[in-house]
Amino acid sequence: MLNLFGHYVRANTVLLGIAEFLFLGAAFYALAYLLLGNAFGADGQYLVLNRVLVPTCVLMLTMFSLGLYEPRARHDLRVFLIRLAASCAVGGIVLFGFFWWFLGTGGRGSALTGLAASGVAFVVVLLLWFAFNAITRSEAFRTRVIVLGTGDRAGEVASLAAQPGSSLSVASMLSATDIKDAETGEERNLLDLCRRTGATEIVVALQERRGVLPVSELLACRMHGINVTDYSTFCERESGKVDLDNVYPSWLVFSDGFRNTQRTFLWKRLFDGIVSLSILTLCLPILIGTYAAVRLDSKGPGFYRQRRVGLDGKVFEVYKFRSMRTDAEKAGAQWARQNDDRVTRVGRFIRRTRIDELPQLINVLSGDMSFVGPRPERPEFVAELSQEIPYYQDRHRVKPGITGWAQINYPYGASVEDTKEKLKYDLYYMKNCTLFLDFLILLKTIRVVLWPEGVR
């Protein structure tokens, strides 16, 4: 894993992205040369920009937005082909419109080149997919780790190392008795074991460290360049969430992250203003059409206001398009359910496509919400959840958002257990919050809208 701007990214994904950028750029350069011949050198810098760099960046952003770099897509050929075809189709249309609009009549040739570029991209990325899988699945490419512990924590480490997209391989698992002899107190030579197994990282996953942690052996390994990682940090890095069941307050206090400085707040506020205004402007026809559809589909107002808990526990009113009947909560506040019969026909569609969330851009402009952040919860549920889930109140230390790290990684929460699972992602976001992560979440939200999973 690489830590880019405070966010953990798989090293093999970064290498794949770099390879695709270079190969796509070379392919588009060759395509432009073949189509334009000698004319390509007449205005070289300009043509390299609009026929090489622009198509490369547009298609890579489209592929990322549509989930082509997700582990599931990278290890399931059917899913990969569907998303690659969709990415190239959308990217080709964007390039066609971009060149046609900005270059006018003279850009028609460039527009057609943009469509041709999407076809070339499909072939290039498909070939790279086969090469990437062949390389990353070989044992020589994987990072070998030693796990100290044999309980539930050690089992979770092994499970994370075996998940799709992981480049890790468990070289050895040692119990407390393997680490230190119970009778003599003699510690085993971990450094020698690392060298024999080719391990470059040790994950400390002991249920109980007191009296059994081989500090001197771990220090010797660390001095020889072998990474020593505690269980909570490993889980955060590999799963993209904080393990609430095994994390201690001291780990949250002393670990890296939580860089919510005043400068970060100002940049995030500027980011929220630009993004929300841009989306409101682009989606104005959708807003008007949805409002009319909601009013025509069932009796009641087009908009729905609901009290939610925001920054520092402040209660505010969130705006949404009404997706349920007006008598949906005559018996009091309720969790949403699978195939909820309170949802209207239009409501089912706008909830699935997340269009019902668009009016919350008004909350972003007013400063009650951010574009990216934990989803705000209702006061009726907050009191209950704070009693049942540790650290739940801490999610109110940042502004709530329309979309967030939990929303793109976990289905719609409709129970205490769902909320607990989503809090693990929320804490990861709070700990590693940067504009870089916000940008990634915005791009990945497109994948959630197009391929909804678990929407209720």
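**First stop: a pair in the sheet**

Select Val-147 and you'll find Val-203 of β5 standing opposite. Strand β3 (residues 143-148) and strand β5 (residues 201-204) run in the parallel sense here, paired over four bridges; two strands count as paired if DSSP finds at least two bridges between them. The names come from DSSP runs, numbered from the N terminus: helices are H or I with at least four residues, strands are E with at least two.

A word on ground rules before you go on. This is a predicted model, so local features need pLDDT of at least 70 and side-chain atom pairs count only at pLDDT 80 or more, while totals for chains, interfaces and linings use all residues. Residues are numbered from 1 along each chain as its sequence is written, and side-chain values use heavy atoms, with hydrogens and water left out.

**Widen the view to the sheet**

Now show four strands together: they make an open sheet, ordered β4-β3-β5-β6, with parallel pairing. At the edges sit β4 (168-174) and β6 (227-230), each pairing on one side only. Neighbouring strands in this sheet are turned by 25 degrees against each other on average, direction ignored.

(Axes are lines fitted to C-alpha atoms, for helices over the stretch in contact, and angles run from 0 to 180 degrees between N-to-C directions; a contact means heavy atoms within 4.5 Å.)

**Helix α6**

Which residues of helix α6 (residues 152-161) are buried? Select Arg-153, Ala-154, Val-157, Leu-160 and Ala-161. Buried means under 20% relative accessible area, exposed over 50%, and partly exposed in between, using a 1.4 Å probe and protein chains only. They cover an arc of only 120 degrees around the axis, which puts them on the same side of α6; the arc is that of the directions from the helix axis to the C-beta atoms. The buried residues of α6 pack against β3, β4, β5 and α10.

Stay in α6 and click Glu-156, which counts as partly exposed at 33% relative accessibility. Leaving aside residues up to four places away in sequence, Glu-156 touches Tyr-231 and Cys-235. Glu-156 and Tyr-231 are 75 residues apart in sequence, yet 9.3 Å apart in space, C-alpha to C-alpha.

**Over to helix α1**

Find Leu-31 in helix α1 (residues 11-36). Leu-31 is buried, with a relative accessible area of 15%. Leaving out residues up to four places away in sequence, Leu-31 touches Thr-113, Ala-116, Ala-117 and Val-120. Between the C-alpha atoms of Leu-31 and Thr-113 there are 8.2 Å, although 82 residues separate the two along the chain.

**Ring spotting**

How many aromatic pairs does the structure hold? There are six. Rings of Phe, Tyr and Trp (its six-membered ring) pair if their centres lie within 6.5 Å; planes under 30 degrees apart count as stacked, over 60 as edge-to-face and the rest as tilted. Zoom to Tyr-291 and Phe-303: their ring centres are 5.2 Å apart and their planes at 35 degrees, so the pair is tilted. Then select Phe-80, Trp-129 and Phe-130, which form one aromatic cluster.

**Step back**

Finally, show the whole chain: 19 helices and ten strands, with 48% of its 456 residues counting as buried.
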